[in-house]
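Have a look at it first.

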Amino acid sequence: MKISIISGSNRKNSQSIKISKIYFEKLNRLDASVSLINLEKERLPFWEDDYEGYIPPHKEAFKNISIKLHESEGFVFVVPEWGGMVPSQVKNIFLLASNNEFAHKPGLIVTLSESLGGSYPVVELRSFSYKNTKICWIPDHVIIRKVKEFDPDKDLRLNSRLDYSCKMLLEYSRALVSVRNVADLKTFKNGM
Ligand SMILES: Cc1cc2nc3c(=O)[nH]c(=O)nc-3n(C[C@H](O)[C@H](O)[C@H](O)COP(=O)(O)O)c2cc1C
C-alpha cells in the first residue's frame with residue numbers, strides 16, 4: 001500500500017515535520033510504502049494561469065510530486081492551525097493537483113495546535129477541499145493539541161489514536177480500490 005504524507009508547514013524545524021515523521025514510522029511498521037512530501041523543502045510556487053505562451057513555474061515544480069501522488073493509494077495531511085485556518089501552501093496543493101491525483105482515495109487529517117486549537121483546519125479541509133480533488137477524508141481525524149509537548153511514549157491515550165488512524169487509513173485505502181475502478185473521471189472530473 002503506497003501512502004504519501006504531506007507535511008503542511010513551510011517553517012523550519014516545524015512541529016508538522018516532527019509529527020509527519022512519527023506517522024512515517026507507524027505506517028512503515030504496518031508495511032505501507034511511505035513517501036514524505038515536506039512543504040518546507042518543496043517550496044512549491046502558487047498556482048498561476050497559463051497565458052500567451054507563459055508557462056507558470058508551478059508546472060515544472062509540481063511534476064514529480066504529481067507522479068508520487070498519482071501512485072499513492074492514501075494520504076496523511078499533517079496541517080498546523082494558522083490564524084484559525086489551513087495554511088495557504090496546503091490549499092495550494094489542491095489547485096496544483098488538477099489531474100485526479102487524489103480522486104477517490106482516502107485522506108487522514110491530522111491537525112496541530114500549540115495551544116487548544118486545531119479544530120478549524122479539520123472543518124476547513126472537510127468542507128472546502130474535496131469538490132474537484134475528490135479526496136475522501138476518513139472520519140477518524142486526529143487533533144494534536146499542545147503539540148510541542150506531545151511525546152508518543154508518554155501520552156499513550158493520544159498515541160493509540162494515532163495508531164488507530166493509521167490502521168483505518170490503510171483499510172480505507174484497500175476498500176476504495178473498487179470505487180476507483182468504476183469512477184468516471186473524464187465525464188465527471190469536477191464536482192458540483
Ligand atoms: C502564523 C501562525 C498562526 C498561528 N495561528 C494559530 C491559531 O490560530 N490557532 C492555534 O491553535 N495555533 C496557532 N498557531 C500555532 C501553531 O498551530 C503551532 O505553532 C504549530 O506548531 C505550528 O505548526 P508548525 O510548527 O508545523 O508550523 C499559529 C502559528 C503560526 C506560525
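β3, α4 and β4 make up a right-handed β-α-β unit. Right-handed here means that, with the strands pointing away from you, the path from the first strand over the helix to the second runs clockwise. Helices (H or I, at least four residues) and strands (E, at least two) are DSSP runs, numbered from the N terminus.

Before going further, keep in mind that this is a predicted model: local features need pLDDT of at least 70, side-chain atom pairs count only at pLDDT 80 or more, and totals for chains, interfaces and linings use all residues. Residues are numbered from 1 along each chain as its sequence is written.

| Partner of β4 | Bridges | Direction | A facing pair |
|---|---|---|---|
| β3 | six | parallel | V78 and V110 |
| β5 (136-137) | two | parallel | C136 and P106 |
| β6 | three | parallel | I144 and L112 |

How enclosed is β4? Seven of its seven residues are buried, so β4 is largely enclosed by the rest of the structure. Buried means 20 or more other C-beta atoms within 10 Å of a residue's own, exposed means 12 or fewer, and partly exposed is in between, with C-beta atoms placed from the backbone. Both faces are covered: P106, L108, V110 and L112 are buried on one side, and G107, I109 and T111 on the other.

V110 also turns up in the largest nonpolar core, which has 38 residues; I6, V76, F77, V78, V79 and V110 have the most contacts inside it. Elements giving two or more residues to this core include β1 (2-7), β3 (74-80), β4 (106-112) and α6 (156-175). Such a core is a set of buried Ala, Val, Leu, Ile, Met, Phe, Trp, Tyr and Cys residues joined through C-beta atoms within 7 Å. In soluble globular proteins, nonpolar side chains tend to be buried together. Leaving aside residues up to four places away in sequence, V76 touches I3, I5, Y23, L108, V110 and L169, where touching means C-beta atoms, placed from the backbone, within 7 Å.

E52 sits in the loop between α2 (39-42) and α3, K134 in the loop between α5 (119-127) and β5. Are they buried or exposed? E52 is exposed, with 4 other C-beta atoms within 10 Å, whereas K134 is buried, with 20 C-beta neighbours inside 10 Å.

How values were computed: Two residues are in contact if their C-beta atoms, placed from the backbone, lie within 7 Å. Two strands pair if DSSP finds at least two bridges between them.
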